[in-house]
Amino acid sequence: MTIFIIRRLIVTIPVVLLVGIAAFLLVHLTPGDPADFFLDPDSPVEEIERIRARLGLDQPLPVQFVNWFGGVIRGDLGQSFHQRRPVLEMFGRAFPPTIYLTVTSLLLALIIAIPIGIFSAIRQDSLLDRFASVFVLIGVATPNFWLGLLLIQLFAVQLGWLPAQGFVRPEADVWGSLRSLILPSIALGYSGAALIARMTRSGMLEVLRQDFIRTARAKGIAENRVNYVHALRNAFNPILTVIGLAVASLISGSLVVELVFNFPGVGRLVVDSVFRRDYPVIQGSLLLIAGITIVVNLVIDMLYAVTDPRIRYA
Amino acid sequence: MPDVPRAAAPGPHDPREGEREDLGRHRKGLLQRLREILFRNQLTSIGTVLTGAILLMAVFAPFLATHDPLRTNVRNRLQPPSAEHWMGTDDAGRDIYSRAIFGSRVSVRVGYSVVVLTTVFGLAIGVAAGYYRWLDGILMRTMDALMAFPSIFLAIAILAALGPAESNVIWALSVTLTPGTARIVRGVVLSLKERDFIAAARGLGARDLRILRRHVVPNSLAPLIVQSTFVLGVAILSEAGLSFVGAGIQPPTPSWGNMLADAKRYLFVAPWMSYFPGLFIVFGVLGLNLLGDGLRDAFDPRMRGG
């Protein structure tokens, strides 16, 4: 297991490096000079040069990359052009709302989707299975931001039960924070739930068709025990894979949902930085978000070994 | 933005099965076969009809629209649905029905262009990675790196670099969606490489290019077509998301996404502005997913009911 973790980490290194290069290149292909944002367009050339030198923009690209990535490795993501604060600090401030939203959405999705997936596999083609497949089909096709708009209209505007906008930090008010998370979590969690339910169902169905299930039934083991012990235990891995996929898609989706509900999260930060051409912030956020996705997948890979002892990584 | 659901475990066809299908094709004719696949059951038929409807809507938009989608009329702003304006009017007094009809053009253009580009790149990268061991590492690690970015973040960053234009939306989405297709093609190629008929072809002196063209590409076709329907759906959803955020299609050109961005600002006074563009997206994507499920079942009988 330790060897596997080390090996897996080594394989991750080139991916992280490529992610860094990609994040760096993307941002530096941007037309337009960030120095423009500090000055009038008709400032003297020397002034522009001075600013460019201060921001390190006068150096060749590879040098800029090495400077930036060297800093990244030391935990320094640079300073925001716009606010002159460390990128890490800005990201750290924007991250909690995003992580709360992502986690509550994931939990909501899991609570709803896994039972639906399991039952619809066990009772294939039953009425419940049909309802579940409609739930899944609509969930996969519904844009989370549109669902968000509809939820705001119903629960905030019409009924007035829940706040329409904004995020309340849990340190300030736990109950208020939960209330502010309900609608966004439903908007974001539904598509995730649809994805997880679909994959849970097909993973479970796959297992139910295998020989050892038939053997278990033939031995006379109670149907419930076959379904919930023998089959479910073996359906964990495909479910884990889906959770990994769902986390990535939830992080991605949170960006748009945050804008619907005016959350001061990473989505807001990235979109604002794009409009301000705040290179270090875009780069840093992209890198951190990609890093988080990589770590989540790494953890999931390791959980495979826990849930399925047949897998031996050595 | 949901990530592309991978066309679950697409395997290459049994070549013997292909021969039988070939025989069938001669007897039945291509059209009939196509009809059997596209209307193989109720759900698939709904998918085919919805997908066709969106296509027709895009092609015949000028005939279907009742008003000029760009014509503003301030005295008529924020009107609820009526006989004159079936879906109401927006904040500039424009007819929402006509805008939604024309909005399908953006979705169709972006969606189908992205499918073509991801298929070309995915095929090239997947074949190269699966076929040549020395390329596999670098290509697939690059794909992994691209996939490590949550797709909408990556697309927004690319659009930030290129500027918000329809063609750039197409490029941005093609870059984010290619890795999925490349992985599928690579999987097909890897499993084909071990098969006897490839060894036989090689033994008979066939060059790489011929093997690629005659064996690898045809065998990748079924999973690629299935993947295309899902890529199309995800591309439409993503374009809407990008336009909603303001990084995609810019007003006044109507797209379902930027219509919803307008709707957000008038949520409290003109709720109808948000209903219809969203419904169009749902129906369009729902149709593609139903069609994709049907095609997957038709091409790969092992996946049935899965």
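## Basis of the model

The model is predicted, with local features requiring pLDDT of at least 70 and side-chain atom pairs counted only at pLDDT 80 or more, while totals for chains, interfaces and linings use all residues. Residues are numbered from 1 along each chain as its sequence is written, chains are lettered from A and ligands numbered from 1 in the order in which they are written, and side-chain values use heavy atoms, with hydrogens and water left out.

## Chain A overall

Chain A has 11 helices and 0 strands. Helices (H or I, at least four residues) and strands (E, at least two) are DSSP runs, numbered from the N terminus. Along the sequence the pattern reads α-α-α-α-α-α-α-α-α-α-α. The C-alpha trace of chain A spans about 85 × 60 × 35 Å along its principal axes.

Of the 314 residues in chain A, 50% count as buried. Buried means under 20% relative accessible area, exposed means over 50%, and partly exposed lies in between (1.4 Å probe, protein chains only). The accessible surface of chain A is about 14,900 Å², and 66% of that surface belongs to carbon and sulfur atoms. Accessible areas come from the Shrake-Rupley method with a 1.4 Å probe; for residues, only the protein chains shown count as cover. Among contacts in chain A with a separation of 6 or more, 73% are between residues 24 or more positions apart. Contact means heavy atoms within 4.5 Å.

## Packing of H4 with H10 in chain A

Two packed helices are described by the angle between their axes and the distance between the axes. Axes are lines fitted to C-alpha atoms, for helices over the stretch in contact, and angles run from 0 to 180 degrees between N-to-C directions. Helix H4 (residues 87-122) of chain A packs against helix H10 (residues 266-276) of chain A at an angle of about 135°, with the axes 7 Å apart. H4(A) and H10(A) are therefore oblique to each other. Angles under 35 degrees count as roughly parallel, over 145 as roughly antiparallel, 65 to 115 as roughly perpendicular and the rest as oblique.

On the H4(A) side, the contact is made by Met90(A), Phe91(A), Ala94(A), Phe95(A) and Thr98(A); on the H10(A) side, by Val266(A), Gly267(A) and Leu269(A). The residues of this contact divide into 6 nonpolar, 2 polar and no charged. Here Ala, Val, Leu, Ile, Met, Phe, Trp, Tyr, Cys and Pro count as nonpolar, Asp, Glu, Lys and Arg as charged, and the others, Gly among them, as polar.

## Packing of H4 with H5 in chain A

H4(A) also packs with helix H5 (residues 127-141) of chain A, at an angle of about 135° and with the axes 9 Å apart. H4(A) and H5(A) are therefore oblique to each other. The crossing of H4(A) past H5(A) is left-handed, a term used if the near helix is turned anticlockwise from the far one by less than a right angle, with right-handed used if clockwise.

The contact joins Ile112(A), Ile116(A), Phe119(A) and Ser120(A) of H4(A) to Leu128(A), Asp129(A), Ala132(A) and Phe135(A) of H5(A). The contact residues comprise 6 nonpolar, 1 polar and 1 charged.

## Loop residues of chain A

Asp125(A) sits in the loop between H4 and H5 of chain A. Its phi is near 70°, a positive value in a residue other than glycine. Asp125(A) is exposed, with a relative accessible area of 51%.

The loop between helix H3 (61-73) and H4 of chain A holds Arg84(A), which has phi near 55°, again positive in a residue other than glycine. Arg84(A) is exposed at 53% relative accessible area. Gln79(A) also lies in the loop between H3 and H4 of chain A, and is partly exposed at 44%. Leaving aside neighbours within four places in sequence, Gln79(A) is in contact with Arg84(A), Arg85(A), Pro86(A), Val87(A) and Pro280(A). Gln79(A) and Leu55(A) are 24 residues apart in sequence, and their C-alpha atoms are 9.2 Å apart.

## Ile186 in H7 of chain A

Ile186(A) is in helix H7 (residues 174-208) of chain A and is partly exposed, with a relative accessible area of 32%. Beyond neighbours within four places in sequence, Ile186(A) is in contact with Leu108(A), Leu147(A) and Leu151(A).

Ser243(B) lies in helix H10 (residues 208-245) of chain B and counts as buried at 3% relative accessibility. Apart from neighbours within four places in sequence, Ser243(B) is in contact with Gly248(B), Ile249(B), Ser255(B), Gly257(B), Asn258(B) and Ala261(B).

Pro252(B) is in the loop between H10 and helix H11 (256-265) of chain B. The peptide bond from Pro251(B) to Pro252(B) is cis, with omega near 10°.
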